[in-house]
Amino acid sequence: MFETLSDRLTSVFSSLRSKGRLSDADIDATCREIRIALLEADVALPVVKAFVAQVKERARGAEVSQALNPAQQVVKIVNDELIEILGGETRRLRYAKTPPTVIMLAGLQGAGKTTLAGKLAKWLRDQGHAPLLVACDLQRPNAVQQLAVVAERAGAAVYAPEPGNGVGDPVAVARQSIDHAKRQQHDIVVIDTAGRLGIDQEMMKQAADIRDAVSPDEVLFVVDAMIGQDAVSTAQAFMDGVGFDGVVLTKLDGDARGGAALSVRHITSRPIMFASTGEKLEDFDAFHPDRMAGRILDMGDILTLIEQAQKTFDEAEAAKMAGKLASGDGFTLDDFLEQMMMVRRMGPIKNLLGMMPGMGQMRDQLNQVDDRDLDRIAAIIRSMTPGERHDPKIINGSRRARIAKGSGVTVTEVSSLVVRFFDAQKMMKRMSQGLGIPGMPGGRGKAQKAQKAKKGRRVSGDPRKAAQAKSGAASGPDGPDGSTGTPGLGALGKLGAGQLPPGLELPPGFDPSKLKFPKK
């Protein structure tokens, strides 16, 4: 969604990094490029003016002029202002003190309210709630049936006493749903209202009547992130006609320029609460302004990646696998397949890699990532016998031909997978031996001792030093009589032991034993 904006801003900041000090001309040029980038992203003009003015004011202040790295300080300012324009901090749902909590969805027709109702229901179920979906869109053909299908997929209950298709009173259905939710012990009610085509006064009044009948705790305005500038006028019309508490962005996975996300919040002063990023029910989550700003500026979104991993990976299985990796034994193709499927459940590989910092510069390579490659690897492993998965060394030519035929791939692909697995297995064993890392099993201490034992004592190329080292090793640690001499004085400290460097003689009458050296 924000690829164009992200690319433009990244190129602007890359030109700044070579400058040790920023002049007023540099700041003006940077703000001009930022302005163009925002306008190209379809951000509303009032929002662009306010954003650029704030960045320019801060960039000319002391925080940039006195910074060790002015370019990075400008990036930080833009990041801070992006976070602010996107809402500042994550806005959570307000729950009623006495259940049920009533959430009303409103928006234009085609914005994706019905599908979003199912996504919201699944998200609430994952949070431990028991949501009830209410079908109050009785105008659009088959809207009631669509909500019933979506609710079934989300594992949520649905209240639809009227068949729809122009039949029934949506205000009465909304009012009755509250009592039904109390009887059935549902703690959250999600009301799906009819969409509007443009600014329809009759339908706007119907939404206002539903709002007055149920007194919702949250009214969410569902907006299509692909409609650009129209999002501002539509949001303002709903704000005046119905009023809403938060914004939900849909179709963020589209190829539009995404200016709606930056415009709606600034114009209406209502926070963006949720974002829908795909067609599946799982492609939905709370909106985090700081994480979205990081994605726009190609800083990555590591926190979301960690959260997805925590939801996907089972702790017991992860601990078991960590034990196998630490020991270096027992890591089989079955374990390899299991780990790969866990990563697969986290979502498309392209999306996961896109959350890493700096990946915006590798967008062409990311577009070539195909999740079907993982499916082919899984097919190859599943075409093996249990014995072959446990010990791939027994896979000879005839077995590879059978596996290739069973998985629908070539023999070369089977051989490549086996070779890569052996390489991974070797790496696991090396990791289990510590690789010389302190604190790891078989770590640096043992590795250094083994290295010293292998190399032995080094002999100097100077014959005098070599002879001295040889005589020192034969007679004692520091001298022929085993004495250590005076510490801290090197060869001079051994004078008391009667040992002199080659070519030196003591003057007549000189007794080194009477010398007094300062104590440490």
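In which sense do β1 and strand β4 pair, and over how many bridges? Before I answer, please keep in mind that what we are looking at is a predicted model. Strand β1, which covers residues 101-107, pairs with β4, residues 188-193, in the parallel sense, and 5 bridges join the two. Within that pairing, Ile103 has Val190 of β4 as its bridge partner.

Staying with β1, the strand is mostly covered, with 7 of its 7 residues buried. Thr101, Ile103, Leu105 and Gly107 point one way from the strand, while Val102, Met104 and Ala106 point the other way, and the residues of both groups are buried.

Let me turn to a pair of helices. Helix α15, residues 333-345, packs with helix α18, residues 372-382, at an angle of about 150 degrees, their axes lying 10 Å apart. Since angles over 145 degrees count as roughly antiparallel, α15 is therefore described as roughly antiparallel to α18. The contact involves, among others, Phe336 and Met340 of α15 together with Ile377 and Ile381 of α18, and its residues divide into 9 nonpolar, no polar and 3 charged. The crossing of α15 past α18 is left-handed.

Finally, a loop residue: Pro141 sits between β2 (131-136) and α7 (143-154), and because its relative accessibility is 59%, Pro141 counts as exposed.

Note on methods
Residues numbered from 1 in each chain as written. Predicted model: local features only at pLDDT ≥ 70, side-chain atom pairs only at ≥ 80, totals over all residues. Heavy atoms only, no water. Axes fitted to C-alpha atoms, helices over the stretch in contact; angles between N-to-C directions. Helix = DSSP H or I, 4+ residues; strand = E, 2+ residues; numbered from the N terminus. Parallel < 35°, antiparallel > 145°, perpendicular 65-115°, else oblique. Left-handed = near helix turned anticlockwise from the far one by under 90°. Contact = heavy atoms within 4.5 Å. Nonpolar A, V, L, I, M, F, W, Y, C, P; charged D, E, K, R; others polar. Buried < 20%, exposed > 50% of the residue type's maximum accessible area, 1.4 Å probe, protein only. Pairing = 2+ DSSP bridges.
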